[in-house]
Amino acid sequence: MDNQAQALFCWGVSHHTAPLDFRESIAPTPPQLEQIYALPHHCDWLHELTVLSTCNRLEVYGTGYGEIEKSLTVELCKILQTDVDPLREKSALKFGKEALSHLFAVTAGLDSQIVGEVEITGQVKQAFLQAGKLGTVGRKLNQAFQRSFQTTIWILSHTRIGIGQISVATVAGDFVRKIYGNLGKSTVLVIGAGDIAEKTMAALRSRGVRNLILSNRTFANARALAEANQGIVAPFDSLNCHLITQVDIVVCSTSSRAFIFDQSQIQQIMKRRTIRPLCLIDLALPRNIDPTIAILPNVFLYNLDDLAKIAQSNLEARKSEVVKGMDFIDKKSLQVMQNINRT
Amino acid sequence: MHLGVDVISIGLGNLLYCLGFLFAIFYLLRTRHHPRWVLYALIAGGYAIQTFGMYQRGLLVEGCPMGNTFEIVQFVIWSLTFCFLVLGPAFRLSLFGFSTAGLAVLLAILSFAIPSWDSPYTGRPFGPSPWIEFHASLALFSYGIFGLLAMSSLLYLLQNFSLRERRLEGFYLFLPSLVETETLSVRMLVAGCSVLTVSLAVGSIYWIQNPATVDWLKLLFTVSVWLAYLLVLVLRLGNRLYSKNLAWTCLALFLVAVISLWPVNQSRAKPESALSESSLGLPHG
């Protein structure tokens with residue numbers, strides 16, 4: 001039983017095994033998390049422990065012996081104040097190589113709801129650091145987590161798992177960067193203050209945009225959004241040729257039933273802009289920008305359909321890369337598991 | 001083609017450009033990115049070996065090695081590689097090194113595939129005057145710059161196509177941005193025109209002193225190419241020619257300029273146009 005005594009395990013509830021409301025009900029508060037981390041100090045059967053708690057999963061990685069599933073579920077139920085049966089029903093327990101493969105897949109974003117998102121890698125690192133500070137990481141967990149970070153680097157650099165944006169806002173950001181390159185000097189005009197406009201603005205800001213102008217029929221909404229994004233507000237009735245001549249990127253997402261910009265207006269604007277290209281992103285339904293504008297030289301127009309198609313095809317491409325990543329994980333976890341068993 | 005130290009070194013240099021190009025293709029296909037410094041190191045290594053080969057050839061012909069088509073093409077490769085090594089790290093344009101290596105490989109294959117291009121000649125390619133040698137080398141150097149300008153124009157057109165057709169996948173993913181590519185193109189246009197202007201100014205001094213030695217066909221082609229690029233530059237600076245039209249013009253002009261090498265070189269090959277006659281015009285092949 002000595003080998004089993006040191007068994008590496010992974011217990012978890014994730015978006016694969018439980019719906020959102022259940023995951024919400026068991027999401028640990030900071031004091032509850034502290035209690036979970038205290039378990040190795042008073043449970044003989046538990047040696048090492050790291051807790052990964054995100055919006056999509058609550059997972060406990062550790063080493064221990066005996067009836068881990070039963071013992072751990074009971075302890076977690078006490079801490080999380082939930083019933084044993086639903087937690088047991090909606091959780092999964094993996095041991096040894098299977099647990100290690102799972103950790104590698106989670107860290108690399110292969111197990112994420114949005115395949116290939118790398119935010120999870122940072123969350124795993126954070127969890128590992130926290131466990132290290134609390135003294136619940138031993139040699140086995142340390143080796144497992146260090147190897148999971150190395151495996152992630154290999155997967156991200158040798159597969160296309162992280163290539164291509166998978167949201168409308170970030171695809172728009174990619175198009176804009178393909179036109180202007182460094183966006184530090186570009187000025188963006190956002191017309192409309194809806195959710196999608198906000199997300200696109202965030203995507204553009206994360207790509208280096210500093211100059212933001214916001215405009216909306218309801219001035220207060222534009223002002224609130226401008227304050228949150230360090231932009232300036234332009235009154236909706238001031239949206240004239242002169243203003244558009246000054247900007248590089250226009251994002252439209254208003255509920256207007258008629259076009260805000262038609263071909264003749266943009267033609268006039270382009271005469272004044274001389275050589276700078278103009279990028280128009282129409283995120284509204286019905287559309288805010290006359291689609292015939294796309295034929296004008298030096299004007300690039302993208303609508304919701306264009307961006308959504310690319311996002312969808314990127315997502316499909318990412319999914320097809322999962323197999324390649326999992327093949328590597330399978331080989332790597334076997335090798336790492338042998339090393340861990342030797343320690 | 002005699003396989004001396006010069007040809008072997010030039011060939012080895014070209015081989016490194018080829019390796020750089022293949023390395024970049026392999027990594028782009030396999031991992032969708034390539035380590036730029038490896039490509040840069042391969043091109044820089046190739047450049048050093050090619051420079052040595054050109055130097056050896058220069059010692060053999062007792063002058064700047066631009067006496068036949070092989071030498072002219074190698075000098076153009078050498079010039080465009082030099083420009084890349086200087087401009088590459090400053091601009092860090094995606095695929096710029098890759099496309100430079102591609103153009104160098106294409107020209108290198110051509111120069112080695114046609115052995116008659118390296119036909120032997122006697123005497124110094126440009127006679128006794130060092131000024132004519134200087135003029136010709138500057139003129140060919142400007143061709144190297146215009147070659148790079150054509151490559152950046154091609155990248156611009158591909159990016160423009162990808163943005164119009166909404167293609168963000170595969171090869172298109174790695175293309176540099178439109179604005180950055182055009183900025184680089186304008187700078188190369190200025191640099192190319194400046195170098196060619198200086199070259200013609202140097203040549204014209206000799207021409208005024210020795211009008212009988214001028215090959216009028218060469219002069220006509222050279223001045224036409226110079227005027228055409230100058231016109232493009234003036235139109236661009238006046239915001240009359242830009243974006244896609246500028247890229248197409250630069251690409252077409254370079255093709256015309258390269259094609260014009262053929263009749264220019266043929267005129268030089270005529271027995272009556274002795275070495276001393278290769279006094280003016282581009283290129284003095």
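Helices (H or I, at least four residues) and strands (E, at least two) are DSSP runs, numbered from the N terminus. This is a predicted model, in which local features need pLDDT of at least 70, side-chain atom pairs count only at pLDDT 80 or more, and totals for chains, interfaces and linings use all residues. Residues are numbered from 1 along each chain as its sequence is written, and chains are lettered from A and ligands numbered from 1 in the order in which they are written.

Start with chain A. Select its 4 strands: they form an open antiparallel sheet in the order β2-β3-β1-β4 (two strands pair if DSSP finds at least two bridges between them). At the edges are β2 (46-53) and β4 (92-95) of chain A, each pairing on one side only.

Next, select β1 (residues 7-14) of chain A, which is joined to the antiparallel β4(A) by 4 bridges. Within this pair, A:W11 has A:L93 as its bridge partner.

Helix α8 lies across β1, β2 and β3 (57-64) of chain A, at about 135 degrees to β3(A). Axes are lines fitted to C-alpha atoms, for helices over the stretch in contact (C-beta atoms, placed from the backbone, within 7 Å), and angles run from 0 to 180 degrees between N-to-C directions.

Move to chain B and select helices α4 (residues 96-113) and α5 (residues 130-164), whose axes come within 10 Å and cross at roughly 125 degrees. Finally, show the side chains of the contact: B:S99, B:T100 and B:L103 of α4(B), with B:G147, B:L148, B:M151, B:L154 and B:L155 of α5(B).

Notes. Contact = placed C-beta atoms within 7 Å.
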